[in-house]
Amino acid sequence: MQRKLSVVEGMALAQDVARNWEQIQNFQAREGDILLDTYPKSGTTWMQEIIDLIMHNGDEQICRRAPIHQRIPFIELLHLMQPGIEEVNLMPSPRVLKSHLPVHLVPPSFWEHNCKVIYVARNPRDTAISYYHFDQMLQFHPETGSWEDYLERFMKGDVGWGSWYDHVKGFWEQKEKRNILYVFFEDLKKTPAQEIVKVARFLGKDLHEETVSKIVRLTSFQNMRQNPMANYSSFPKEILDQSMAKFMRKGKVGDWKTKFTVLQNEQFEEDYGRQMAGCSLKFPDPK
Ligand code: PPS
């Protein structure tokens with residue numbers, strides 16, 4: 001792996017991912033496929049588990065059939081791991097797929113087939129901290145350097161998959177025009193049952209109350225952290241080195257308060273106002 005970023009269509013992207021750009025853009029979605037899109041570290045894995053359980057009516061055993069990254073493949077990494085593109089092309093419909101691409105770079109076939117898209121956004125401070133820890137493990141992203149340096153890079157969009165600000169705004173602005181459900185990590189944390197019902201309805205599933213409660217329980221941070229099929233413990237080590245830390249880190253809202261200095265927070269706030277100016281998107285718990 002090369003610990004380097006390059007720029008693709010104006011977005012910073014790992015060189016190891018960028019070299020497969022043509023195949024990524026030409027990904028052939030089918031009618032009925034579901035796309036889960038997020039900026040990295042926004043609750044993707046959590047939502048993957050929720051969607052899989054919804055699709056299987058809360059059946060715990062079926063949802064332990066394989067690790068999460070195999071049940072819901074990641075479009076940008078199909079050339080680096082299993083399942084690869086051939087296996088994904090053979091998966092029965094409806095497939096659920098994961099991507100971190102910004103809205104304008106989602107493979108066009110998803111829009112051509114009017115596929116349902118679930119988008120999860122997380123407040124940027126917690127996202128940045130989670131990404132800082134994750135990038136220390138991820139073998140195809142540059143070394144993080146100090147937290148101070150990393151935060152600056154995050155604010156500039158000089159991290160894998162580019163600017164958080166453009167990402168969350170892009171999907172927000174398209175959500176009425178396309179088949180997009182916009183969900184917040186903070187709402188999932190606060191009212192999980194309500195959010196799960198919302199996702200299920202969007203997917204055309206009417207779940208019993210007990211099934212919803214079961215999904216809430218199975219997808220709690222504690223339960224997912226202990227579930228080898230959901231906690232990334234079997235993710236390829238050459239891509240993600242978890243020898244020093246674990247993918248399932250804290251799963252909290254507001255963890256940024258333990259890391260941001262007062263000055264960093266003030267600078268962040270000012271920059272946030274500038275970058276989000278004119279956008280109606282408001283986070284349930286922005287601080
Ligand atoms: S990735 O690599 O982009 O797919 O990562 P992603 O899954 O989007 O985000 C990882 C963060 O989500 C936390 N997480 C959870 N939080 C609460 N509840 C559940 N069930 C859950 N599952 C994953 C995970 O711990 C990462 O956040 P941090 O803040 O680093 O703990």
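## Burial of strand β6

A residue is called buried here when its relative accessible area is under 20%. By that cut-off, five of the five residues of β6 are buried, and the strand is mostly covered. The model is a predicted one.

Strand β6 spans residues 180–184. On one of its sides stand I180, Y182 and F184, on the other L181 and V183, and all of these are buried, leaving both faces of β6 covered. In a regular strand, side chains alternate between the two faces of the sheet.

## The parallel sheet

Strand β6 belongs to an open sheet of four strands, with the order β4-β3-β5-β6 and parallel pairing. β4 (96–99) and β6 are the edge strands, each pairing on one side only. On average, neighbouring strands of the sheet are turned by 20° against each other, direction ignored.

Strand β5 (residues 116–121) runs parallel to β6 and is joined to it by five bridges. Within this pairing, Y119 has Y182 of β6 as its bridge partner. Strands β3 and β4 also run parallel, joined by four bridges. L35 stands opposite L97 in β4.

## Helices on the sheet

Helix α3 (residues 44–55) packs on the sheet and touches β3, β4, β5 and β6; the angle between its direction and that of β3 is about 160°. Helix α11 (residues 192–202) also packs on the sheet, where it touches β5 and β6, and its direction makes about 170° with that of β6.

## Aromatic pairs and charges over rings

The whole structure contains 26 aromatic pairs. One of them is formed by F184 and F283, with an edge-to-face arrangement, 5.3 Å from centre to centre and 75° between the planes. This pair links distant parts of the chain, 99 residues apart: F184 belongs to strand β6, while F283 lies in the segment after α14 (262–275). F184 is buried because its relative accessible area is 10%. F283 also counts as buried, at 6% relative accessibility.

The charged end of K116 sits over the ring of F202, 5.9 Å from the ring centre. For K175, the charged end sits over the ring of W172, at 4.0 Å from its centre.

## Helix α9

Helix α9 covers residues 164–174, and eight of its 11 residues are buried, so the helix is mostly covered by the cut-off of under 20%. The buried residues are W164, Y165, H167, V168, K169, G170, F171 and W172. Among the elements that cover them are β3 (34–38), β5, α7 (124–137), α8 (147–156), β6 and α14.

At the N-terminal end, α9 is capped by S163, with a side-chain oxygen 3.2 Å from the backbone nitrogen of Y165.

N231 is located in the loop between α13 (221–226) and α14. Its relative accessibility is 13%, and therefore N231 counts as buried. A polar atom of the N231 side chain lies 2.9 Å from the backbone oxygen of R225. The side chains of N231 and S233 are joined by a polar contact of 2.6 Å.

Not counting residues up to four places away in sequence, N231 touches M224, R225, Q226, Q242, F247 and M248.

V88 is part of helix α5 (residues 85–90). With a relative accessible area of 0%, V88 is buried. Apart from neighbours within four places in sequence, the contacts of V88 are F27, R30, P73, L78, P83, R95 and L97. L97 is the residue of β4 that stands opposite L35. From V88 to Q61 the separation is 27 residues in sequence and 22 Å in space, C-alpha to C-alpha.

L138 lies in the loop between α7 and α8. At 4% relative accessibility, L138 counts as buried. Leaving aside neighbours within four places in sequence, L138 is in contact with R3, I239 and L240. L138 and Q242 are 104 residues apart in sequence, with their C-alpha atoms 8.8 Å apart in space. Q242 is also one of the residues that N231 touches.

Note on methods:
Residues numbered from 1 in each chain as written. Predicted model: local features only at pLDDT ≥ 70, side-chain atom pairs only at ≥ 80, totals over all residues. Heavy atoms only, no water. Phe/Tyr/Trp six-rings, centres within 6.5 Å; stacked < 30°, edge-to-face > 60°. Helix = DSSP H or I, 4+ residues; strand = E, 2+ residues; numbered from the N terminus. Buried < 20%, exposed > 50% of the residue type's maximum accessible area, 1.4 Å probe, protein only. Lys NZ or Arg CZ within 6 Å of the ring centre and 35° of its normal. Pairing = 2+ DSSP bridges. Contact = heavy atoms within 4.5 Å. Polar contact = N/O pair within 3.5 Å; in protein donor to acceptor, adjacent residues only side chain to side chain. Axes fitted to C-alpha atoms, helices over the stretch in contact; angles between N-to-C directions.
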